[in-house]
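Subject: Handover of a structure and notes on its contents

Dear colleague,

Please find below the structure that I am handing over to you. My notes on it follow directly after.

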Amino acid sequence: MKYNYRYILLSFLVCAAAACSKDNYKAPASILKGRLMYKGDSIGVERNQVSLQLYQYGFGKVGAINGNFSQDGLYSFSLFDGDYKLIIPNGQGPFLWKLDAHGNPDSLSVTLRGSQTLDLEVTPYYMLNGATITGGGGAVAANFSVEKVITDPAVAKDVERVNLYINKTQFVSGADNIAKAEMAGADITDPSHVSLNVTVPATYPAQNYVYARVGLKIKDVEDMIFTPVTKVQF
Amino acid sequence: MNVSKKHIFLAALTLVVSLSGCKKDSDFLENPPNSIVPTETVFSDPALVLSVLGNLYNRQLAFSNFDQGWGSFADFSESFISDDGAYGIVQNTGWGYGSWGVNWKDAYTYIRELNLFIERDSASTKLTAADKARFNAEGRFLRANYYFELTKRYGGVPLILHSETYDYKGDPTYLQHPRAKESDMYDFIISEAEAIKDQLPADQNDKSRASKAAALAMEARAALYAGSIAKYGASTPGVALPGGEVGIPSSKANDYYQKALTAAQTIINGGAGVYKLYKVLPDLSDNFAAIFTDKSSVNQESIFITDYKALSGKTHGFTTNNQPFSITDEPDDAGRIDPSLNLVESFEKLDNTFAPIPTVDGGGNPIYYTHPQDIFDNRDARLKGTVMIPFDTASPYRFKGAVVDIWAGLKMPDGVVITSGNAADQVEYPANSGKKYTAVGKDGPINGVRYHTQTGFYIRKFLDPTIGSGRRGRGSDVPWIHYRLGEVLLNAAEAAFELGDPGTAAGYINLVRQRAGFTTDLTDAQITFDRIVHERRVELAFEGHILYDMRRWRLATKVWDGTETTLSDLKSNIGKADKRSTQPWGLWPYKVYNPGQANDGKWYFQEVLPSKVTGKNRFTLGNYYTFIGDDVRAANPKIVKQPNQ
């Protein structure tokens, strides 16, 4: 059989020409990001445990674009420009999100034209203030105060417990820790002066620092509220 | 060729063609189809109705069942999975909101076909009244039982009780139904059971078709679920919807518990046929294992089963997938479900106390045992009936005539433990000495080696002792038991306990415990919530109950709380309802090689977290009710979202 190289060449040309056509959307390039805030303070949560949802009208996709907050309370989405509605689903987070008359999460309209930063103002049940976390003598100590933010008896909730967590990596929470100290909510006598101590276990490989933060568990609320992560050197 | 004969042939052919052409075209189009049996024909003959019904029976839903395979028995730290493709089960840190869901399109197709079946049976004029009534009751039983399965997963779902047809006019809104209340779902199941129970045979030998006892067992379980959701739902106020699609008011708890107790007592007291706890074999562990394999009329414990038949095409591969590696009938197919130490240690000692498996003495030194099975002595007989523990030839136990060979390493005279990454491997020790020792048992345990145990245990429940049952070609025909008397007794005990009658509860629980070898009955005062939870866990292990039990008691978020299960967690609080169990531990046996010394040939044990276990089970509030797909909610906006998702 004799190859006709002109046909082969032609087929390459056709393929190359076909590939020239612009058949794809550009990747979404507008970034919507922000953080959970309460009166100028950021709210820490456990990573990947508190979710938020974006809805966009007018496309075939049904359901929400789901996202999660990082442990510092940050979120970000890469999106196409458009009009979105943002909610935090009921039962998510150690805070209250506004509800509509039917008890559904009230949505926040987001008009996205290019990247935007949108901080989400929420009302936490409690705040952890003035946390100082120090290390020494093979232990980590934390001092902080607990402020009850929501005092309306209809929605206010008790403290179930407070925890000091330490971890080898910067991810620190109830699920990610090498050691923890715990105090039940009922044992907190003076909410303005709470202190917790935890002994640092041997780590492998040994390191002369740990990451630590304090969390507060609210009764009947799944997600804990956390202070910012502190690197403790000793 | 003879010409005249040819002419005759042609003439005859012409005649045939012209005659057949005489038939009117319209007649031709009205030939009855020979590949479809019309509805009125089916519902004129009980045998044909039964074949339709057989299809509907085959499409039932159960959380764990043989048709869905071994994977539906795994998870929840009750077992470890020794299969390269399935380590995700022990490496995930939680479950998606959609876990344990079913495809709603398939589900409502099935419900529609059940509705059609019930309607067509009712409309039939040619069936006898007795046949019609029984078929009707069976259809309603399957429908109620299916709605029960949906309710366990989703809470309230649209309760469709008539077949519906789209009119193709472009507006389907009249087909969109909102979710019923969770309590309405349970009320429906209970009222259906009450309505049909007397149309069904009260015969203990009717096992693979619905019987009166099956309807009552369903009613008892459903009412118990509803009662506990009402009572314990109060501890998780966030898990509820304002419309009642999820959550039941706590004021209804007692009413449901009473219904559960009454229905269960009808079965127990012989009101639905003669049912008895299976007590046939002298060895109580063998006896317990045989409940699940004995299909003869001797077995009066099983109430409603999905049956299988060897060599008929309707078989399953549970034995193939889970038989011990060294005794397998099918090379390289074995040992997937390895029960965890978490489960094994929860089987009580025969003096009614809880204790960890004794691996070390008070000083922390290993305890040496003459035989590997000795460490499990004097425990609940159900342990060895549920789990295949390491045992040697001194044990009376055999599986298909053989013993298992489970040990993880050999302790040499100098204290060094030699082991290998290959089962039954010969290891040279000391290096270059020329002396070789078998360092690991044929069945493992070795981390990461599939189809060998990795926890030190194999499953025994449901394993078919019949010769050849482990071959893929033959398959096993062990039945799947949906309802059995053991569970009915525990349902009755729980309902009685919650109604404040520990005496009745103790009576029922002790029946189950005596069968497991306990000689000292529990007193009324010893019946606690922890006891109820514990008894169900050990009696009903791997029978598809643990997830829904933990959900309805709202214990799941405590037991699977996402933090690691340490060794001290493992060994403490055994028998407590909210004991943490987020990671499946193993118990690895080791042999001592020290000729001439007292410990030579003896065994010692170590608790081991299999190296593949890197995840920690985390059950969130959003997991209590399974996510309803966006596609479902987009097609029917009346469906409300689940809480906490």
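In which sense, parallel or antiparallel, do β1(A) and strand β10 (residues 120-121) of chain A pair, and over how many bridges? The two strands pair in the parallel sense, over two bridges. Within this pairing, Leu36(A) has Leu120(A) as its bridge partner in β10(A). Please keep in mind throughout that this is a predicted model.

**Strand β1 of chain A and its partners**

Strand β1 of chain A covers residues 30-38 and runs antiparallel to strand β5 (residues 74-79) of chain A, to which six bridges join it. Strand β9 (residues 116-117) of chain A also pairs with β1(A), in the parallel sense and over two bridges. Lys33(A) takes part in both of these pairings: its bridge partner in β5(A) is Ser76(A), and in β9(A) it stands opposite Thr117(A).

A further partner of β1(A) is strand β2 (residues 41-42) of chain A, with antiparallel pairing over two bridges. Here Tyr38(A) has Asp41(A) as its bridge partner in β2(A). β1(A) and β2(A) form a hairpin with two residues between the strands, and in this hairpin Lys39(A) takes a positive phi near 50 degrees.

**A three-stranded sheet in chain A**

Chain A also contains an open sheet of three strands in the order β12-β13-β16, with antiparallel pairing. The edges are held by β12 (126-136) and β16 (194-199) of chain A; each has a single partner strand, so one side of each is left without a neighbour in the sheet. On average, and with direction ignored, neighbouring strands of this sheet are turned by 20 degrees against each other. Strand β13 (residues 139-148) of chain A pairs with β16(A) in the antiparallel sense over six bridges. In that pairing, Val140(A) has Val198(A) as its bridge partner in β16(A).

**Domains of chain A**

The division of chain A gives domain 1 (30-123) and domain 2 (126-233). The centres of domain 1 of chain A and domain 2 of chain A, taken over C-alpha atoms, are separated by 26 Å. Contact between them involves 17 residues of domain 1 of chain A and 19 residues of domain 2 of chain A. On the side of domain 1 of chain A that touches domain 2 of chain A, six residues are nonpolar, seven polar and four charged.

**Domains of chain B**

Chain B is likewise divided, into domain 1 (39-60 + 80-275 + 626-635) and domain 2 (318-614). The C-alpha centres of domain 1 of chain B and domain 2 of chain B are 34 Å apart. In the contact between the two, 37 residues of domain 1 of chain B meet 34 residues of domain 2 of chain B. On the domain 1 side of this contact, the elements that give two or more residues are β1 (79-81), α5 (88-91), α9 (212-232) and α10 (253-268) of chain B. The largest share of that side comes from α9(B), with twelve residues. By class, the domain 1 side has 20 nonpolar, twelve polar and five charged residues.

**A helix pair and a sheet in chain B**

Helix α4 (residues 46-58) of chain B and helix α6 (residues 104-123) of chain B have axes that come within 11 Å and cross at roughly 160 degrees. Because an angle over 145 degrees counts as roughly antiparallel, α4(B) is roughly antiparallel to α6(B). Their crossing is left-handed. Val49(B), Val52(B) and Leu56(B) of α4(B) meet Glu113(B), Leu114(B), Phe117(B) and Asp121(B) of α6(B). Of the residues in this contact, five are nonpolar, none polar and two charged.

Chain B also has an open sheet of four strands, ordered β6-β5-β11-β12, with mixed pairing. At the edges stand β6 (417-418) and β12 (603-608) of chain B; as each has a single partner strand, one side of each is left without a neighbour in the sheet. Strand β5 (residues 409-411) of chain B runs parallel to strand β11 (residues 586-592) of chain B, and three bridges join them. Lys411(B) stands opposite Val592(B) in β11(B).

**Contact between the chains**

Lastly, ten residues of chain A are in contact with 16 residues of chain B. The chain A side of this contact consists of three nonpolar, five polar and two charged residues.

Yours sincerely

Note on methods: Residues are numbered from 1 along each chain as its sequence is written. Chains are lettered from A and ligands numbered from 1 in the order in which they are written. This is a predicted model: local features need pLDDT of at least 70, side-chain atom pairs count only at pLDDT 80 or more; totals for chains, interfaces and linings use all residues. Axes are lines fitted to C-alpha atoms, for helices over the stretch in contact, and angles run from 0 to 180 degrees between N-to-C directions. Angles under 35 degrees count as roughly parallel, over 145 as roughly antiparallel, 65 to 115 as roughly perpendicular and the rest as oblique. A crossing is left-handed if the near helix is turned anticlockwise from the far one by less than a right angle, and right-handed if clockwise. Two residues are in contact if their C-beta atoms, placed from the backbone, lie within 7 Å. Ala, Val, Leu, Ile, Met, Phe, Trp, Tyr, Cys and Pro count as nonpolar, Asp, Glu, Lys and Arg as charged, and the others, Gly among them, as polar. Domain bounds come from an automatic or database domain assignment. Two strands pair if DSSP finds at least two bridges between them.
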